[in-house]
Amino acid sequence: MCSSDLYDYLLARVLENPSQALPRDLLERVSDAQDMLVDLNSGPMGEPRWLHGDLHAGNILWDETIPAWRAIDPKGYVGPAVMNVGRYLHNFLAEELTGRGEDRATPAQVALCEARAQVLAKSLDAPYQTLLKATLVDLTLSTAWHVQSEGMTVWERVRALLDGLRDRC
């Protein structure tokens, strides 16, 4: 297995060996995520890189000794460079909205994810759609894992967010 094929491998494992029966529409989304990953591997930011695997604001700290920002608690995946952004864009959407005192319904989460993607697209000089695809691939894989371990309530909770992001890709 080529190191840049890790996400494809993980998505394939979900399709081939789910630990419990997954809903057909989630399996279809996993298959769609595999297709998007092919595009991501060959597109901008598609070169294989070491990936953090769980990048979010709580894992980025200021190091006074350097001084510089550091990402802590890496998972050590290898994949297309853009995948570092995918997890960051969809992590803690509802929690951030709640912290701001805003509505945490799905449309607000989709809008927040889009706003994050727009800011990072400008900062990274990367196509906005590429960042959204990376988000959708990572969220799809994460959802499949969580449904397998925690049950269908995860799917019921995340499905609308996946659909909202999918409509924008």
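The largest pocket of this predicted model has a volume of about 580 Å³. A pocket here is an open set of points on a 1 Å grid over the protein atoms alone, where a 1.4 Å probe fits, with protein on both sides within 12 Å along at least five of seven lines; lining residues have an atom within 4 Å of a point. The volume is the space filled by probe spheres set on points joined across faces, edges and corners.

The lining comprises 19 residues, with His90, Phe92, Leu139, Arg157 and Val158 nearest the centre. Two or more residues each come from α3, α4, α5, α6 and α7, and α6 gives the most, five. Helices are DSSP runs of H or I with at least four residues, numbered from the N terminus.

| Class in the lining | Residues |
|---|---|
| Nonpolar (Ala, Val, Leu, Ile, Met, Phe, Trp, Tyr, Cys, Pro) | eight residues |
| Polar (the others, Gly among them) | seven residues |

The largest nonpolar core has 41 residues, of which Met83, Leu131, Val137 and Leu165 touch the most other members. Such a core joins buried Ala, Val, Leu, Ile, Met, Phe, Trp, Tyr and Cys residues through side-chain atoms within 4.5 Å; buried means under 20% relative accessible area with a 1.4 Å probe, protein chains only. Helix α6 contributes the most to this core, with nine residues. Leaving out residues up to four places away in sequence, Met83 touches Tyr7, Leu37, Leu40, Leu51, Ala134, Val137 and Asp138 (heavy atoms within 4.5 Å).

Residues are numbered from 1 along each chain as its sequence is written. Local features need pLDDT of at least 70, side-chain atom pairs count only at pLDDT 80 or more, totals for chains, interfaces and linings use all residues, and side-chain values use heavy atoms, without hydrogens and water.

Technical notes: Buried means under 20% relative accessible area, exposed over 50%, partly exposed in between (1.4 Å probe, protein chains only).
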